[in-house]
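Q: I have a protein model open and would like to go through it piece by piece. Can we start with how the strands go together?

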Amino acid sequence: MTVHEPTAPTDPWGGRPVVPSRSLHRPLGLGEIALGPGFWETMQRTNAAATLGHCEAWMERLGWLANFDRAAAGTTGPDRPGWSFSDSEVYKLLEAAAWEYGRSGDPGADRAVRRLTARIAPAQDADGYLNTCFGHPGRPPRYSDLETGHELYCTGHLLQAAVARLRTVGPDPLTTIARRAADQVCAVFGPERGADAGPGVGGHPEIELGLVELGRALGEERYIAQARLFLDRRGRGALRGDRVPSGPAYFQDDVPVREAEVWRGHAVRALYLAAAAADVAAEQGDGGLRDAVERQWARTVERRTYLTGGMGSRHQDEGFGEDWELPADRAYCESCAGIASVMVSWRLFLASGDMRYADLMERTLYNVVAAAPSSDGRAFFYANPLHQRVAGAAGGGGEVSPRAETGVRAPWFDVSCCPTNLARTLAVWHTYAAAAGRRELTILQYANARIRAELGDGRVFGVEVETGYPADGEVAVRVTDPPEGAAVLRLRVPSWAAGAVLEEGGRSRGAATGAAVVEREFVRGEVVRLRLPVGPRFTWPDPRIDAVRGCVAVERGPLVYCAESVDLPVGAELDRLVVDTSAVPVDRDDGRVGVRVRSLRGREGGGGAWPYGRSPGPAADAGSGSVEAVLTPYHQWAERGPTAMRVWLPALPESPRY
């Protein structure tokens, strides 16, 4: 198997986006794992070759990079292009390029980091403040709109970009910029905050994440203390809730973090806040704070999460709905919310080792993160609905999309947070694939890979993973560097994989969902094999989800499938299909799935007929017979052009479940 060998970062075990000081498991660094050919390695190559340059070109074209030049030259004014948070897109791109250089050693990525840093540095004020929208001639004063101005949010992304550079090449000019910016935030928003600090907290969480990780990277406890202070201030009604339709809950400023039972309000804000709370809990050994995040995760996953792992059911405020409010056609499921969900689950897994978190990560990675970019890496979904009633209009590819809900991937958006967020996430995807404990190596996400990880007791455990996953459910783990003495190898068995089998040491045994564990002394060259039943299966919704009651979905392994109008039999209509669940879904040779369907009959009458009546009417046309409909992996939908689509399909009333 050919595996891409990364250039090892300054710290051969480093290069990790998240490095908790206290955790049950340690995330692997860029120097410990490298992907081979497969699903995610293809996405990483595309990200590096296309997406990074695509994002920089758009930001140059729209003047978002020139904003830094104007701030440095003192020529800012009311005509500044971009939203108030456009600086953050530059920082996320900078972070993505830094991780990409650490992953691959690509000199182009290194040049991008140096180029962007050189544009940013002159715009920083003498006291460390850095923002192109506020605090300059013709612009509003600093921190004059903490609810929606995004100053602290932008600074948080700057700090995360600096962490990426610090952990891949060591201290450099970006580290200096970030330290000065963090010091300025602490000076203004610290325990004795000044008048400029206003409510003392920003409307969009992110500064908290940046402060914790920069504090970890530099050994600066005061940055972590400042993040804790921001967390403790939130939830007390300090922000002006009258600025948004849903009030203080939009900012998660209605209930203190420790008291909240579920995530609510703007989805990305809620999830970034939860990730930061998990970070602070890990650094300060705060079990009560971690319990609060775990409680919120459990309630939200149970009642406010889509089959794809997507979060956010309301277009208004890009937010969570109430319990069980999960309409397929109005699903917002912002790509950034999917990324943020992965961030929270990863932190909770590292702290607890609970495989539920890795299960949700897998679901979200394959069905939200992988669905967002086009296969060429130059167009993106912002929202990820589970039902597109009418095919979207094909765009020319040269214009900014003014809307998030387009039904087709767009090259750029008026609010373009998702492309750069995807870029930084894909650059480090492989660091989510495995983790090390005191004496165990845990494989969490399956891909062709070479792993050489340092265990907590100082021993090295090396393996090579070979798999065709997710198309194929067989995962072979070959031991390349056995640790001296007994050790533990854990392989995640997804919650959907009932009937999995583990083969090792010449024996086969059933592998219960959760983790298959092998604990003994390992021998170089031996193979541990996990067989996961990835065949297609029907999935039924909880009956409390009103919007899809009576419907069924199809999954195969970790992938959710969907019906697209371009694949329907001649004469069939997407909104008339009903699934015959007495016939099991079947694999096709092209990687898609076939299901037996029939066609619904409408009520009697012509155009303008009233669509309601005293009786339910015939469920399906008895004379139509059943035909096969072809379903496509959801992450591939709309790749062949605009199309109507749906994940949840009505089931025949006589189907076994109903």
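A: A definition comes first: two strands pair if DSSP finds at least two bridges between them. Also, this is a predicted model.

Q: OK, how many bridges are there between E7 and E8?
A: There are 6 bridges between E7 and E8, and the two strands pair in the antiparallel sense. As an example of residues facing each other, Glu464 stands opposite Arg478 in E8.

Q: Which sheet has E7 and E8 in it?
A: They belong to an open sheet of 7 strands, in the order E2-E6-E7-E8-E13-E10-E11, with antiparallel pairing. Strand E2 (33-35) and strand E11 (507-511) are at the edges; each has a single partner strand, so one side of each has no neighbour in the sheet. From one strand to the next, the twist averages 20 degrees.

Q: Which residues other than glycine have a positive phi here?
A: Tyr143 is one of them, with phi near 50 degrees. Cys333 has a positive value too, with phi near 45 degrees.

Q: Where is Tyr143, and is Tyr143 buried or exposed?
A: Tyr143 is in the loop between helix H4 (107-120) and H5. The cut-off for buried is under 20% relative accessible area, and Tyr143 has 8% relative accessibility, so Tyr143 counts as buried.

Q: And where is Cys333?
A: Cys333 is placed in the loop between H10 and H11. Cys333 is buried as well, with a relative accessible area of 0%.

Q: Back to sheets. What is the order of the open sheet of 5 strands?
A: The order is E1-E4-E5-E9-E12, and the pairing is mixed. The edge strands are strand E1 (26-27) and strand E12 (514-521), each of which pairs on one side only.

Q: How does E1 pair with E4?
A: E1 and strand E4 (residues 434-436) are antiparallel and share 2 bridges. Arg26 has Ala436 in E4 as its bridge partner.

Q: Which helices pack on that sheet?
A: H11 lies across E1, E4, strand E5 (440-443) and strand E9 (486-493), and runs at about 30 degrees to E4. H12 also packs on the sheet, where H12 touches E5, E9 and E12; the direction of H12 makes about 50 degrees with that of E9.

Q: What does H12 give to the largest pocket?
A: H12 gives the most to the lining of the largest pocket, with 5 residues. Helix H10 (287-303) and helix H12 (355-369) each supply at least two residues of that lining.

Q: How much space is in the largest pocket, and how many residues line it?
A: The largest pocket holds about 650 Å³ of space. Its lining has 27 residues, and Val301, Thr305, Tyr306, Leu307 and Arg363 lie nearest its centre. By class, 15 of the lining residues are nonpolar, 5 polar and 7 charged.

Q: New topic: H13. How many of its residues are buried?
A: In helix H13 (residues 417-427), 11 of its 11 residues are buried. Among them are Cys417, Pro419, Asn421, Arg424 and Ala427.

Q: What do the buried residues of H13 pack against?
A: They pack against several helices, including helix H1 (39-61), helix H3 (86-104), helix H9 (267-284), helix H11 (335-352) and H12.

Q: Last one: how many residues of E15 are buried?
A: In strand E15 (residues 551-556), 6 of its 6 residues are buried. Cys551, Ala553 and Glu555 are on one side, with Val552, Val554 and Arg556 on the other, and both faces are covered.

Q: Which strands does E15 pair with?
A: Strand E14 (residues 536-539) is one partner, antiparallel over 4 bridges, and Thr539 stands opposite Ala553 in E15. Strand E22 (residues 649-650) is joined to E15 by 2 bridges, also running antiparallel, with Val552 opposite Leu649. Strand E16 (residues 559-564) is antiparallel to E15 with 2 bridges, and Glu555 has Val560 as its bridge partner in E16.

Q: And what lies between E15 and E16?
A: The hairpin of E15 and E16 has 2 residues between the strands, and Gly557 takes a positive phi near 60 degrees in that hairpin.

Technical notes
Residues are numbered from 1 along each chain as its sequence is written. This is a predicted model: local features need pLDDT of at least 70, side-chain atom pairs count only at pLDDT 80 or more; totals for chains, interfaces and linings use all residues. Side-chain values use heavy atoms; hydrogens and water are left out. Buried means under 20% relative accessible area, exposed over 50%, partly exposed in between (1.4 Å probe, protein chains only). On a 1 Å grid over the protein atoms alone, a cavity is a set of points where a 1.4 Å probe fits but cannot get out, and a pocket is an open set with protein on both sides within 12 Å along at least five of seven lines; lining residues have an atom within 4 Å of a point. Grid points are joined across faces, edges and corners, and a volume is the space filled by probe spheres set on the points. Ala, Val, Leu, Ile, Met, Phe, Trp, Tyr, Cys and Pro count as nonpolar, Asp, Glu, Lys and Arg as charged, and the others, Gly among them, as polar. Contact means heavy atoms within 4.5 Å. Axes are lines fitted to C-alpha atoms, for helices over the stretch in contact, and angles run from 0 to 180 degrees between N-to-C directions.
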